Amino acid sequence: MPSPENFRKIITAFGIEQDIIDEIYSGYEDLKDKSDRKIKSEFFAHALSVMNEKLPPDRVREILEANACCKSGTRLKNSKQFAKENKDKSLEEKLELISSQPQLNMGSAELDEKNNLLIHAVSYKSDEKFECACPTVSRVKHTQPIPKEYCYCCAGHFSFHYELMLGVKLKEVEIVSSPHEDENYPCVFRFEIEN
């Protein structure tokens, strides 16, 4: 789950103007990581709306990727262990192994026709419709739609771990599909492999 406290540090570190930060946190001045999930969900929808209006798309993507959650603890340990145990395997072998190990909680991945990495994120369904994998937004009712760009936060999580496990550098290319755009499709990300 993304951290609203860390988010403030990130947008400050990215040099976002104070008037934009003030607008992002307007009405949410006392927001903490332990605040109610519904309030955090409303905050991130509001923050993204402000950023989409005030910042270039690439800047929004970079900020959300930097705010990705689950980069420590057990998932980090598992990613490092996977990298160590499989360092001599080919990229294709590693992808097959990641996809076949649900305990990694990293969905599945494949190379597309242009040799880009296509990651099918962990997906959840409710009444045959896909839901966002992020508990900050999926487990609450929303008063406003969540923009698809919110998925860059999740993409940052997946790219962080896939870079570790595969021993490559990834560059976000696109959000292929998102339940925020169409509930009939799960979260799928495409990354360019840089090295």
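I began with helix α4 (residues 57–66), whose buried residues are Val60, Arg61, Ile63, Leu64 and Glu65. Buried means under 20% relative accessible area, exposed over 50%, partly exposed in between (1.4 Å probe, protein chains only). Helices (H or I, at least four residues) and strands (E, at least two) are DSSP runs, numbered from the N terminus.

A note on the source: this is a predicted model, where local features need pLDDT of at least 70, side-chain atom pairs count only at pLDDT 80 or more, and totals for chains, interfaces and linings use all residues. Residues are numbered from 1 along each chain as its sequence is written, and side-chain values use heavy atoms, with hydrogens and water left out.

What do the buried residues of α4 pack against? I found α1 (4–13), α3 (37–54), α8 and β5 (170–177). Contact means heavy atoms within 4.5 Å.

Next I looked up α6 and α8. The axes of α6 (residues 91–99) and α8 (residues 151–166) come within 10 Å and cross at roughly 125°. Axes are lines fitted to C-alpha atoms, for helices over the stretch in contact, with angles from 0 to 180 degrees between N-to-C directions. From α6, Leu91, Lys94, Leu95 and Ile98 meet Tyr162, Met165 and Leu166 of α8.

Then I checked for disulfides, pairs of cysteine sulfur atoms within 2.5 Å. The structure holds 0. Cys69 is in none; its nearest cysteine sulfur, that of Cys70, is 3.6 Å away. Cys132 is in none either; the nearest cysteine sulfur, that of Cys134, is 5.1 Å away. Is Cys132 buried or exposed? Cys132 counts as buried because its relative accessibility is 9%.
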